[in-house]
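Please look through the structure below with its sequence alongside.

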Amino acid sequence: MSKISPEKRRFFLAAMLLSTLQMAMFAPQPGIQKITTEVFPDRTLADVQTAMMLPSISSLVCSILSSFLISRRVLSKKGCVVLGTGLMGFVAVVAMVLHSSFWQLQLFSILIGVGMGFLVAPLSSVMFDQFNETERRLSMGTQSAFINGGAIVLSVGGGLLTRFVWYGGYMMLLLAIPLVAVAAKFVPKDIEAEPAPADQPKKKGARLRLPAAVFYYGLIAALNAVINNVCATNMSTHLDNAQLGDSATAGVATAIQMAGGVVMGLIFDKVSARLRDFTIPLAFVFYALGYLLVSLGTASLLLIFLGVFLAGMAMSLLVPQVLFSTSNCCSVENSAPAVALVNSVMPGIGGYLSPVIFTNVTQALRPGSTVFRFQFVAGVSLILGAVIFAVTVLRARKSAPRENA
């Protein structure tokens, strides 16, 4: 906190509080097994998992829309943050009224995604614009801690409420309503981009042109979402198959995963300063170890909890590093589309494809086995870590001559 200049501290704290909503889709996920077996037994597990991942698609579309509206100055970045926060609270109100059909489950997911699309990327873009490099590194790590802390509250509360009503997880989003006032009061107005010199010819679309590195980090963000979402969408089923717990236990497991994210988020700035982009392959190694422990823990909750803790640490290594590295590649002019791509569009694609890929592939290879599913994803994570390590070494070698010049 001492690294944040005094005039920016109120916004810093407001941004951290708003970040607790960024994993709103985790709130109903502890109830996946109950929803599949008791509420909509005519639907398959893959159907319910895919419905739960619809926020990934709607947030993708709406993050592009918010970026477009910001670039056209139809809405400000602050306006998008306020709107997105309000939509999160609106989901809870809708869920209390409509909760009898499968299409309503899909509606909830879509609305959550719309809120995320207008909240997540614009908020990060404001942070990119307001903070210097030291402040950004600290804020990215601290934000990850708050994101995971919010997910703990949402998932544990969602798991407990799901015991009473299947849509209880969505009701946890009532917490968003007071945060609308926080966003309206403490998120600063947009910084105007400096005009180009009069003698410099204006190129159409030059402001929004993104560096190639942004697309590289976007691909990594998508791969992270593919891997990370396996834990949330399979945990309740894995615990049920092992006879180790119910939706509330799955909520606790998700909370422990997020606790790992909190711990890593609080020390991220120190790890990132030392390892830089090598934190990314290290994160995939953490995923591999974590999922291997989850697969071996069918007779021990302790092993499962340790595994998900490591997976949470992996997420808080990778996501803030990707955001921090992206922030060093963009400017005030193109920060909105850059963040939309890296923090919403690509993770949205990855999150939606996660159950489509891994559930269907592992079901074909070994039907009904979540043990095999976690082992399979652990192997994929290790391979990705090795590939990205090699790419990071090559990128470091290419940039070295420029830095030494």
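Which residues of helix 3 are buried? The model is a predicted one, and in it helix 3, residues 45-52, has Val 48, Gln 49, Ala 51 and Met 52 as buried residues. These four lie on the same side of helix 3, because the arc they cover around the axis is only 160 degrees. An α-helix has 3.6 residues a turn, so residues three or four places apart point the same way. The elements that cover the buried residues of helix 3 include helix 2 (32-39), helix 4 (54-71) and helix 6 (102-130). Helix 8 (168-171), helix 10 (212-241) and helix 14 (335-365) are also among them.

Met 258 counts as buried because its relative accessibility is 0%. What does Met 258 touch, leaving aside its neighbours within four places in sequence? Its contacts are Met 23, Phe 26, Asn 148, Ala 151, Ile 152 and Met 315. Asn 360 is 102 residues from Met 258 along the chain, and the C-alpha atoms of the two are separated by 26 Å.

The next topic is empty space. Rolling a probe the size of a water molecule over the atoms shows where empty space is left. How many cavities of 30 Å³ or more does a search of the whole structure find? The search finds one, and the volume of the largest cavity is about 560 Å³. Its lining is made by 31 residues, of which Gln 22, Met 23, Val 319, Asn 343 and Pro 347 are the closest to the centre. Met 23 is also one of the residues in contact with Met 258.

Several helices contribute to this lining: helix 4, helix 6, helix 7 (133-162), helix 10, helix 13 (301-327) and helix 14 each supply at least two residues. Helix 13 gives the largest share, seven residues. Sorted by class, the lining has 17 nonpolar and 14 polar residues, and no charged ones.

Most residues other than glycine have a negative phi. Arg 73, however, has a positive phi, near 60 degrees. Arg 73 sits in the loop between helix 4 and helix 5 (77-97), and with a relative accessible area of 61% it is exposed. Gln 243 likewise is not a glycine and has a positive phi, about 55 degrees.

How values were computed. Residues are numbered from 1 along each chain as its sequence is written. This is a predicted model: local features need pLDDT of at least 70, side-chain atom pairs count only at pLDDT 80 or more; totals for chains, interfaces and linings use all residues. Side-chain values use heavy atoms; hydrogens and water are left out. Buried means under 20% relative accessible area, exposed over 50%, partly exposed in between (1.4 Å probe, protein chains only). The arc is that of the directions from the helix axis to the C-beta atoms. Contact means heavy atoms within 4.5 Å. On a 1 Å grid over the protein atoms alone, a cavity is a set of points where a 1.4 Å probe fits but cannot get out, and a pocket is an open set with protein on both sides within 12 Å along at least five of seven lines; lining residues have an atom within 4 Å of a point. Grid points are joined across faces, edges and corners, and a volume is the space filled by probe spheres set on the points. Ala, Val, Leu, Ile, Met, Phe, Trp, Tyr, Cys and Pro count as nonpolar, Asp, Glu, Lys and Arg as charged, and the others, Gly among them, as polar.
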